[in-house]
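I opened my notebook to look up a few places in this model.

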Amino acid sequence: MSELNTVVIVGSSLAGLRAAETLRLEKYEGRIVIVGAEDRQPYDRPPLSKKVLSGEWEADRISLRKPEDLAKLNIDWKLGSAATSLNTITRTITLASGETIAFDGLIIATGSGVRKLPNQPDWKGVHVVRTLDDSLALRANLNPGARVVVIGAGFIGLEVAATAKNRGCEVTVLEGAPAPMMRGLGAEMGHAAALVHTDNGVSMRFNVKVAGLVEGSKGSVGGVALDDGEVVPADVVVVGIGVAPATQWLENTELELRDGVVCDTTLNAGLPGVYAAGDVCRWFNNLYDQEMRVEHWTTASEQGAAAASNLLAVSRGEDPKPYSAVPFFWSDQFTARIQFLGRANGDETAHIVVGSPEERSFVALYEKDGYLKAALGVSRPKQLMPFRKLLAERATWEQALELVSTFVAT
Ligand code: FAD
């Protein structure tokens with residue numbers, strides 16, 4: 001790879017910012033350009049379904065860094081104009097504004113964008129939650145007594161449901177799968193972790209198929225139609241059916257795109273000096289002998305740093321390091337703090353080893369072929385976190401149970 005004079009980071013959020021900070025921390029003195037589709041300095045997304053949505057926090061609380069700290073990084077910001085294409089021969093990217101920028105190193109950190117319903121109308125009252133503007137627009141509609149229907153019982157949908165209920169709305173959640181948070185936690189643990197919703201009066205409906213949205217007064221949503229003809233009335237509909245990696249601008253390049261930018265263990269995307277990080281990155285995680293893409297905060301932060309470090313290492317003739325990590329995420333729903341370590345693929349057996357769903361507080365461990373694969377904690381951070389070390393060491397099920405026995409003994 002040629003000398004590193006300009007590093008371009010596409011995506012001005014968590015992974016992109018962490019990449020820029022790491023370049024400076026590791027004494028890279030060349031030019032850093034950050035390109036961002038949104039016309040805002042980097043901000044934190046988790047509060048968008050929690051404290052910003054509830055109104056407890058105003059937008060100025062969620063900046064990821066203070067302006068003076070950003071200034072120290074000496075970044076050439078190109079905000080408000082998305083990258084539209086990449087040319088791997090000339091090593092340039094083009095922005096929607098028409099500007100072309102040449103790079104020696106490239107870090108792709110374009111995250112993910114929300115999935116929408118087929119032909120989703122843009123009527124008043126129909127919302128998604130990905131950006132600060134989305135969250136503020138939804139907040140303005142969450143008035144006491146409003147009938148809110150959340151489509152999708154994933155983490156973000158359920159956080160929105162809890163926040164809306166706390167604001168005095170009548171909330172119904174519609175989910176096509178048989179259980180909430182099923183993709184992340186599995187059916188049984190998904191139900192156990194979501195009991196707080198029924199406790200708080202959220203109506204939870206599973207195995208329902210949404211046929212489309214129904215118009216109420218002209219230009220406003222009036223309800224959600226199910227495939228059996230029923231219409232669930234709604235003043236506000238939140239579509240929370242997941243996200244897709246933002247890779248459209250990379251189509252027609254030689255990069256491998258398969259539900260994300262496919263990378264090796266070091267986050268290299270298959271071309272010299274080109275790395276990916278965060279929600280957009282599908283990489284081979286040595287710890288799980290498996291390719292994965294993770295849509296959570298901690299991974300985005302760690303991968304931004306790892307991609308930048310590896311870009312620099314290779315440019316200095318050193319070996320890049322594999323990014324092998326235990327994935328981690330949290331989700332706050334009513335009083336429950338859900339935390340999850342590791343990866344569940346759906347073929348593990350989950351055992352509750354501390355507390356119980358009845359207490360709304362427990363730890364469950366996921367086992368497969370005699371090994372510990374993942375750990376779920378609901379409002380049990382102290383007992384959950386020690387399993388991170390065991391997961392990083394590929395602990396056996398027996399070792400996991402030994403750790404559990406020390407909890408009982410103390
Ligand atoms: P993103 O944050 O998605 O940022 C990507 C950026 O790239 C965006 O600003 C986007 O506009 C920009 N972009 C996209 N395409 C282009 C382009 N072509 N050119 C230029 N710029 C582009 N995780 C948890 O672990 N716990 C939580 O409780 C939690 N809560 C969440 C709540 C909400 C409402 C949301 C939306 C996410 C939440 N997450 C949570 C997930 C976490 O916020 C994400 O994993 C994290 O933001 C990913 O960071 P990223 O930098 O990879 O991507």
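**Ground rules**

I am working with a predicted model, where local features need pLDDT of at least 70 and side-chain atom pairs count only at pLDDT 80 or more, while totals for chains, interfaces and linings use all residues. I number residues from 1 along each chain as its sequence is written, and side-chain values use heavy atoms, with hydrogens and water left out.

**The ligand**

I looked up which residues come nearest to the ligand. There are 33 residues around it, and Glu 38, Arg 45, Lys 50, Ala 83 and Arg 130 come nearest. Here a residue is near if one of its heavy atoms lies within 4 Å of the molecule.

I sorted this shell by class and found 17 nonpolar, nine polar and seven charged residues. Nonpolar means Ala, Val, Leu, Ile, Met, Phe, Trp, Tyr, Cys and Pro; charged means Asp, Glu, Lys and Arg; the others, Gly among them, are polar.

I then asked which helices and strands each supply at least two residues of the shell. They are α1 (14-25), β2 (31-36), α5 (155-166), α9 (297-315) and β22 (328-333). Helices (H or I, at least four residues) and strands (E, at least two) are DSSP runs, numbered from the N terminus.

Next I checked polar contacts. Such a contact is a pair of N or O atoms within 3.5 Å; within protein, one must be able to donate a hydrogen and the other to accept it, and residues adjacent in sequence count only if both atoms are side-chain atoms. A polar backbone atom of Trp 297 is 3.2 Å from a ligand oxygen. For Glu 295, a backbone N or O atom lies 3.4 Å from an oxygen atom of the ligand. For Ser 112, the distance from a polar backbone atom to a ligand oxygen is 3.5 Å. Taken alone, the ligand exposes 1000 Å², and the protein buries 94% of that. These areas come from the Shrake-Rupley method with a 1.4 Å probe; for residues, only the protein chains shown count as cover.

**Glu 159**

I found Glu 159 in helix α5. Is Glu 159 buried or exposed? Glu 159 counts as buried because its relative accessibility is 3%. Buried means under 20% relative accessible area, exposed over 50%, and partly exposed in between (1.4 Å probe, protein chains only). Its side chain reaches the backbone nitrogen of Asp 332 at 3.2 Å. Leaving aside neighbours within four places in sequence, Glu 159 is in contact (heavy atoms within 4.5 Å) with Ser 49, Lys 50, Ser 331, Asp 332 and Gln 333.

**Cysteines**

I counted zero disulfides in the structure. The cut-off is a pair of cysteine sulfur atoms within 2.5 Å. Cys 263 is in no disulfide; the nearest cysteine sulfur, that of Cys 281, is 4.0 Å away. Cys 263 is buried at 6% relative accessibility. Cys 169 is buried too, at 2%.

**Ala 225**

I placed Ala 225 in strand β14 (residues 221-226). Ala 225 is buried, at 16%. Beyond its neighbours within four places in sequence, its contacts include Lys 209, Val 210 and Glu 230.

**Two loop residues**

Asn 252 has a phi near 70 degrees, a positive value in a residue other than glycine. I found Asn 252 in the loop between β17 (243-245) and β18 (261-262). Asn 252 is exposed, at 82%.

Asp 369 also has a positive phi, about 50 degrees, although it is not a glycine. Asp 369 sits in the loop between β25 (361-368) and β26 (371-378). At 66%, Asp 369 counts as exposed.
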